[in-house]
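Take a look at the model below. This walk-through covers its pockets and then a few points along the backbone.

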Amino acid sequence: MRGVASPDQAGEGDVAPVTRLELIPAALEARARGARLLVDARVASRLPGDWLHPHVAWAMAALLDETDPVLPLPRVGPDAVVHPTAILYPGVVVGARARIEAYAVVGGVGFGFAPGPGGKTRAIPHRGGVVLGDDVFVGAHTTVHAGVLGPTRVGDRTRLDAHVHVAHNCDVGPDCFLAAQTGLAGSVRLGRGVLVGGQAGFADHVTVGDGARIAAKSGV
């Protein structure tokens with residue numbers, strides 16, 4: 001086994017966890033590239049896998065725990081400004097002219113815990129890092145969590161107000177504006193130019209199209 005990778009990235013020698021039906025097309029392509037599939041039992045009727053498991057997230061966490069990769073130190077692009085109290089974890093890439101304000105935390109471990117046999121839980125390692133594009137603004141006390149297998153992304157020219165939370169594996173498109181206390185759960189995808197009012201909340205795996213307007217205190 002070379003490593004654990006997401007279905008859209010997995011290749012020869014990788015193990016790709018498949019936890020949801022919408023991952024099936026990418027999983028089939030990964031198998032064609034030589035990856036082995038670790039398939040949740042709930043998906044098995046649609047995708048016979050190389051290995052079936054009733055607790056795929058638990059099994060994935062166990063595989064990740066067996067490896068201890070050295071993540072690269074944060075990389076900050078030209079003319080970017082990082083406040084001295086902000087924290088950039090290993091695996092973070094900051095684009096040119098970005099600005100990160102006081103007490104922001106970029107690349108910390110996401111809120112991911114896998115249920116397992118007998119009601120046990122284990123923390124899922126988050127090793128995918130964060131990629132902030134060019135001209136991104138990250139306000140004070142804002143958090144952008146690291147992805148699990150691939151990076152959490154914030155697109156060029158996107159502005160995150162103070163006290164915004166972007167969870168693991170989110171993909172926020174370019175030219176978005178997220179007002180204070182907006183919260184994105186894991187794997188949310190926002191298109192280009194999305195405007196979000198304060199205290200709006202997004203459930204995990206939600207996709208919002210280009211140019212959408214989300215009013216304050218909305219639940220998506």
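Which residues lie nearest the centre of the second largest pocket? They are Gly-3, Val-4, Ala-5, Leu-64 and Leu-149. The model is a predicted one. In it, 13 residues line this second largest pocket. Of that lining, 6 residues are nonpolar, 5 are polar and 2 are charged. The space inside comes to about 260 Å³.

Now turn to the largest pocket. Its volume is about 1,300 Å³. The lining takes in 43 residues. Nearest the centre lie Thr-19, Arg-20, Asn-169, Ser-187 and His-205. Two elements, α2 (56-65) and β11 (113-115), each give two or more residues to this lining. By kind, the lining of the largest pocket splits into 19 nonpolar, 15 polar and 9 charged residues.

Besides lying near the centre of the largest pocket, Ser-187 has a positive phi of about 65 degrees, although it is not a glycine. Find Ser-187 in the loop between β21 and β22 (189-190). Is Ser-187 buried or partly exposed? Ser-187 is partly exposed, because its relative accessible area is 21% and buried means under 20%.

Another residue shows a positive phi. Gln-181 is not a glycine either, yet its phi is about 70 degrees. Gln-181 sits in the loop between β20 (177-178) and β21 (183-184). With a relative accessible area of 45%, Gln-181 is partly exposed, since exposed means over 50%.

Methods
Residues numbered from 1 in each chain as written. Predicted model: local features only at pLDDT ≥ 70, side-chain atom pairs only at ≥ 80, totals over all residues. Heavy atoms only, no water. Helix = DSSP H or I, 4+ residues; strand = E, 2+ residues; numbered from the N terminus. Buried < 20%, exposed > 50% of the residue type's maximum accessible area, 1.4 Å probe, protein only. 1 Å grid on protein atoms, 1.4 Å probe; cavity = no way out; pocket = protein on both sides within 12 Å on 5 of 7 lines; lining within 4 Å. Points joined across faces, edges and corners; volume = space filled by probe spheres on them. Nonpolar A, V, L, I, M, F, W, Y, C, P; charged D, E, K, R; others polar.
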